[in-house]
Amino acid sequence: IALSMSVIQLFDRRGSEFTEKLWRHCFAVGVGSRMMASYFNLRLDGKYFVGGLLHDVGKIFLSQYLPEVFSELLSTMERPDNKMTYHMLEEEYFGISHAEVGGKLLESWMFPQDISDAVSFHHTPSLSETDPYFAACVHIANLLCTVKGISPLGEHYFLTIDKKILPSLQSLREDFSTDEMGKLLSQLDIEIDRQSSFVSAF
């Protein structure tokens with residue numbers, strides 16, 4: 001956690017509305033990732049919060065170190081005639097996804113492989129070869145936060161669950177389903193409230 005906080009200091013957390021919303025989203029996903037680990041009865045470890053907190057570090061990097069291109073991407077996304085998703089536009093403008101950028105950044109900063117991997121595959125946890133359960137916790141937390149509107153991209157950002165990971169998750173909890181997701185949304189509110197004093201730092 002200390003290492004992740006050091007990484008955060010490399011980026012400007014204040015300024016634009018987008019940046020501030022993105023950091024709040026990252027914090028909420030960190031809280032949600034730890035909640036999901038508990039839900040699936042995985043051994044609780046600080047890595048779940050760290051993986052969630054840093055899952056969008058690639059997006060933060062792109063927005064702050066290539067601001068003109070990133071701003072153009074957001075403008076295109078807002079256009080009434082735009083039919084491309086955020087992820088499609090990311091590939092169009094940068095030729096790489098924020099998940100890939102984030103994973104490579106964490107690897108270069110010598111983060112543990114399981115954390116780098118969870119960031120790289122937070123949209124596709126079924127492709128994770130290191131710890132797919134960890135990546136899945138970040139994936140679902142990200143999905144829950146987006147459904148709740150805790151996202152800098154609002155209604156322009158659509159996420160779907162990686163269905164290929166579901167059998168593995170149901171081996172941990174047979175009752176895991178879309179119905180359970182509704183309960184988890186309510187639980188996430190409680191978990192975020194519990195960490196409200198820490199949220200104020202973001």
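I began with handedness: helix 7 and helix 8 cross in a right-handed way. I kept in mind throughout that this is a predicted model.

Helix 7 covers residues 98–108 and helix 8 covers residues 113–120. Their axes lie 7 Å apart, and the packing angle is about 165°. An angle over 145 degrees counts as roughly antiparallel, so I wrote down helix 7 and helix 8 as roughly antiparallel to each other.

Which residues meet across helix 7 and helix 8? From helix 7 I listed Ala99, Gly102, Gly103, Leu106 and Glu107. From helix 8 I listed Gln113, Ile115, Ser116, Val119 and Ser120. Sorted by class, this contact has four nonpolar residues, five polar ones and one charged one. Gly goes in with the polar class here, a point to remember for Gly102 and Gly103 in helix 7.

I then checked the loop between helix 7 and helix 8, where I found methionine 110. Methionine 110 has a positive phi of about 65°, although it is not a glycine. Is methionine 110 buried or exposed? The relative accessible area of methionine 110 is 69%, and the cut-off for exposed is over 50%, so I put methionine 110 down as exposed.

**Helix 8 again, now with helix 9**

I moved on to the other partner I had for helix 8. Helix 9 takes in residues 132–147, and helix 8 packs with helix 9 at an angle of about 45°, with the axes 8 Å apart. That makes the pair oblique. I noted the crossing of helix 8 and helix 9 as right-handed.

For the contact, helix 8 brings Asp114, Ile115 and Ala118, while helix 9 brings Phe134, Ala135 and Val138. By class I got five nonpolar residues, no polar ones and one charged one for helix 8 with helix 9. Ile115 turned up in my list for helix 7 with helix 8, and Ile115 is also in the list for helix 8 with helix 9.

**One more positive phi**

Where does asparagine 41 sit? Asparagine 41 is in the loop between helix 2 (17–39) and helix 3 (46–53). Asparagine 41 is not a glycine, yet has a positive phi of about 60°. Relative accessibility comes to 61% for asparagine 41, so I logged asparagine 41 as exposed.

Definitions and conventions:
Residues numbered from 1 in each chain as written. Predicted model: local features only at pLDDT ≥ 70, side-chain atom pairs only at ≥ 80, totals over all residues. Heavy atoms only, no water. Axes fitted to C-alpha atoms, helices over the stretch in contact; angles between N-to-C directions. Helix = DSSP H or I, 4+ residues; strand = E, 2+ residues; numbered from the N terminus. Parallel < 35°, antiparallel > 145°, perpendicular 65-115°, else oblique. Left-handed = near helix turned anticlockwise from the far one by under 90°. Contact = heavy atoms within 4.5 Å. Buried < 20%, exposed > 50% of the residue type's maximum accessible area, 1.4 Å probe, protein only.
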